[in-house]
Amino acid sequence: MSTYDLVIIGTGPGGYVCAIRAAQLGLKTAVVEKREAHGGTCLNVGCIPSKALLHASHLYEEAAHHFGAFGIEVGTPKIDLQKMLAFKDEAIAGNTKGVEFLLKKNKIDAHRGTGRILAAGKVEVTADDGTKTTLETKSIVVATGSEVVSLPGITIDEKRIVSSTGALDLEQVPGHLVLIGGGVIGLELGSVWRRLGAKVTVIEYLDRILAGIDADTAKQFQRILAKQGMTFKLSSKVTAATATDAGVTLQVEPAKGGEAETIEADVVLVAVGRRPYTDGLGLEEVGVAKDEKGRVAIDAHYATNVPGIYAIGDVTTGPMLAHKAEDEGVALAEMLAGKGGHVNYGVIPNVVYTYPEVAAVGATEEDLKAQGIAYNVGKFPFTANGRAKANLMTDGFVKILADAKTDRVLGAHIVGPEAGNLIHEIAVAMEFGASSEDVARTCHAHPTLAEAVKEAALAVEKRALHM
Ligand SMILES: Cc1cc2nc3c(=O)[nH]c(=O)nc-3n(C[C@H](O)[C@H](O)[C@H](O)COP(=O)(O)OP(=O)(O)OC[C@H]3O[C@@H](n4cnc5c(N)ncnc54)[C@H](O)[C@@H]3O)c2cc1C
């Protein structure tokens, strides 16, 4: 029996980062992972493979449709899908091996197998061959992530009706891809296959896409995606999906009920969300409480109701994002080592990695209205940004929301080129409690896309210079 300060179940971004920070702080740490490779959903079937395919498909679309505008003639590029998927697999392997290296470098014991909590301080690991080992530990961290959900009556077969995992490995470009759900994962993977030649239809229950993102920003983004060729059926629900060898027949009704229509698809991607994954962990037996959404219930210190058992990442409260899981891992490791760990949940960036990207941090206009907070809006379009014009990347805008009384930046929403990088300037500004004037007075290099952020900050006081 091995004895540790800390045993972490799951080596996704939450678990492996928690392990590294704990080891840095001198805690004797072990991880338990049942997947063949470390890195969790994010590295194996999430962030990394989706971004690899987004990158490759974007390059294809640029070569196929946009190089000519820059005076580059390449003829008609051809897709070698098998090679593109192999490139994506290499990106996964490179990253998961990186995590393996980091665990070794930090002298973290990695136990391969399924972890089950026997009691506070005891984790049983069952290896693939059935061998059981018990680890003794002062603290246990549940970092077991999340899994795909489907809709009633729709069975994911990962061939015709796929989850995000199947959508990362389609054997051929579908003629017609239907997305059920207009959220980030669906729109990213839908963009990949649209660029590669699929007709893409998005069926969304709500009357808008990207629930939770600033409504004005989501509307602009939808317009851009529609211009790129995606079709949207909002306020609609799929009531049945029947797969055959030839394709899938969908029954679609207005969300409020009404006459159903039939839609034929070659492949259907179900992207309606994810749920916390706690199967076989033994939480019920040990008495760990969950909330009404099945998430492991925790307090402000990531502690469950059972002393010595903690939870971080997708399996517990908060946005299902890799960087949120990572930051929670760091904060918890620091607390367990007697330091003051902290995550500022008001400043967690959220990015959609399409082209153009969508990025957000802090409050939306809807949030501020709901809270009765008076605010000013500064908005600047990329059509007025020199670099964006020169690069033919003028879709979108930067929008900054600042407190009407204090001018403190409360949120920012960007749809446009490099939005996912640009948002971090505002994230840092918000961490430092900056005003929009602070951002506006910061000298920004010319010509950069970041000048649009400065101009949006100037626009809060209606003094943008290039608009
Ligand atoms: C297609 C897709 C794209 C995404 N893109 C992004 C993105 O661009 N940016 C972003 O921030 N987020 C993205 N996400 C979300 C991101 O992947 C998750 O938020 C993140 O992986 C959560 O990390 P985690 O450590 O909580 O859990 P996970 O990454 O899910 O890891 C949990 C690990 O625990 C293991 N495990 C579970 N139970 C046991 C057990 N009993 N014993 C041993 N091991 C166990 C699992 O095998 C898994 O490896 C994406 C998700 C998907 C599906």
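**A buried threonine, a helix and a ligand**

Reply: Happy to! From the side chain of T316 to the backbone oxygen of V296 is 2.7 Å. Before we go on, this is a predicted model, where local features need pLDDT of at least 70, side-chain atom pairs count only at pLDDT 80 or more, and totals for chains, interfaces and linings use all residues. Residues are numbered from 1 along each chain as its sequence is written, and side-chain values use heavy atoms, with hydrogens and water left out.

Me: Why is T316 called buried?

Reply: Buried means under 20% relative accessible area, exposed over 50%, and partly exposed in between, using a 1.4 Å probe and protein chains only. T316 has 1%, so it is buried. T316 sits in the loop between strand 17 and helix 9. Contact means heavy atoms within 4.5 Å, and leaving aside residues up to four places away in sequence, T316 touches R295, V296, I298, A311, K324 and E328.

Me: How do you know that the length of helix 9 is close to what is expected?

Reply: Helices (H or I, at least four residues) and strands (E, at least two) are DSSP runs, numbered from the N terminus. The expected span is 1.5 Å times one less than the number of residues. Helix 9 has 15 residues and reaches 21 Å between its first and last C-alpha, close to the expected 21 Å. Its buried residues include K324 and E328, and their cover includes helix 1, helix 2 and helix 3.

Me: Which residues are closest to the ligand?

Reply: They are E33, T41, K51, G115 and A322, among 39 residues that surround the ligand. A residue is near a molecule if one of its heavy atoms lies within 4 Å of it. Helix 2 gives the largest share of this shell, four residues.

Me: What distance separates an oxygen atom of the ligand from an N or O atom in the side chain of E33?

Reply: That distance is 2.6 Å, and a polar backbone atom of G115 is 2.8 Å from a nitrogen atom of the ligand.

Terms used. Polar contact = N/O pair within 3.5 Å; in protein donor to acceptor, adjacent residues only side chain to side chain.
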